[in-house]
Amino acid sequence: MEDVLYVILIVIIVLVVIVVVLALVSYALGVWYSFTIPKSDPVPPGGTTPPADKPCSQCDRDKAWYAAQPGWKQVAVAVWWAADRSACAAKGCS
């Protein structure tokens, strides 16, 4: 009976390690891909540069970037997206 418990424990440990590694890879991919997100709002023709001090402007750009990605990329960066949304929510952004 003890042998079965050890096998179950090892299987659980291996599954937890796999989940953690996949989460780290997802977050790393999200950080890497997020460098393609524009860091400032586009300037309208004849307009002035928008203020960079709007606290939610980067969160809005991140949200638009994520929505424009294909499904596979959204899945690949899901952990980064969750962390980004949490950071934005802490700033009071939607």
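The side chain of Ser-26 has a polar atom 2.8 Å from the backbone oxygen of Ala-76. This is a predicted model, so the distances given here are computed from its atoms. Ser-26 belongs to helix α1, and with a relative accessible area of 8% this serine is buried. Which residues does Ser-26 contact once its neighbours within four places in sequence are left aside? They are Val-75, Ala-76, Val-77, Ala-78, Val-79 and Trp-80.

Let us stay in helix α1 for a moment. The helix covers residues 2–34, and Leu-29 is found there too. Leu-29 touches Ala-76 and Val-77, not counting residues up to four places away in sequence. Leu-29 and Trp-80 are 51 residues apart along the chain, yet their C-alpha atoms are separated by 7.8 Å. Is Leu-29 buried, partly exposed or exposed? Its relative accessible area is 28%, so Leu-29 counts as partly exposed.

**The aromatic rings**

A pair of aromatic rings is described by two things, the distance of the centres and the angle of the planes. The model has 4 aromatic pairs. One of them joins Trp-32 and Tyr-33, with 5.2 Å from centre to centre and 35° between the planes, a tilted arrangement.

Another pair brings together Trp-65 and Trp-80, whose ring centres are 5.6 Å apart. Why is this pair called edge-to-face? The planes of Trp-65 and Trp-80 stand at 90°, and an angle over 60 degrees counts as edge-to-face. Trp-65 lies in helix α2 (residues 57–68) and Trp-80 in helix α4 (residues 78–90), so their pairing ties together parts that are 15 residues apart in sequence. Ring pairs also link Trp-65, Tyr-66, Trp-80 and Trp-81 into a cluster.

Here are the accessibilities of the residues in these two pairs, side by side.

| Residue | Relative accessible area | State |
|---|---|---|
| Trp-65 | 10% | buried |
| Trp-80 | 7% | buried |

Lys-73 lies over the face of the Tyr-33 ring, at 4.3 Å from the ring centre.

**A charged pair**

Side chains of opposite charge can pair when their charged atoms come close. How many salt bridges does the model have? The count comes to 1 salt bridge. Its partners are Arg-85 and Asp-84, and their closest N and O atoms are 3.6 Å apart. Both Arg-85 and Asp-84 are buried.

**Back to the start**

Conventions. Residues numbered from 1 in each chain as written. Predicted model: local features only at pLDDT ≥ 70, side-chain atom pairs only at ≥ 80, totals over all residues. Heavy atoms only, no water. Phe/Tyr/Trp six-rings, centres within 6.5 Å; stacked < 30°, edge-to-face > 60°. Helix = DSSP H or I, 4+ residues; strand = E, 2+ residues; numbered from the N terminus. Buried < 20%, exposed > 50% of the residue type's maximum accessible area, 1.4 Å probe, protein only. Lys NZ or Arg CZ within 6 Å of the ring centre and 35° of its normal. Contact = heavy atoms within 4.5 Å. Salt bridge = Lys/Arg side-chain N within 4 Å of Asp/Glu carboxyl O. Polar contact = N/O pair within 3.5 Å; in protein donor to acceptor, adjacent residues only side chain to side chain.
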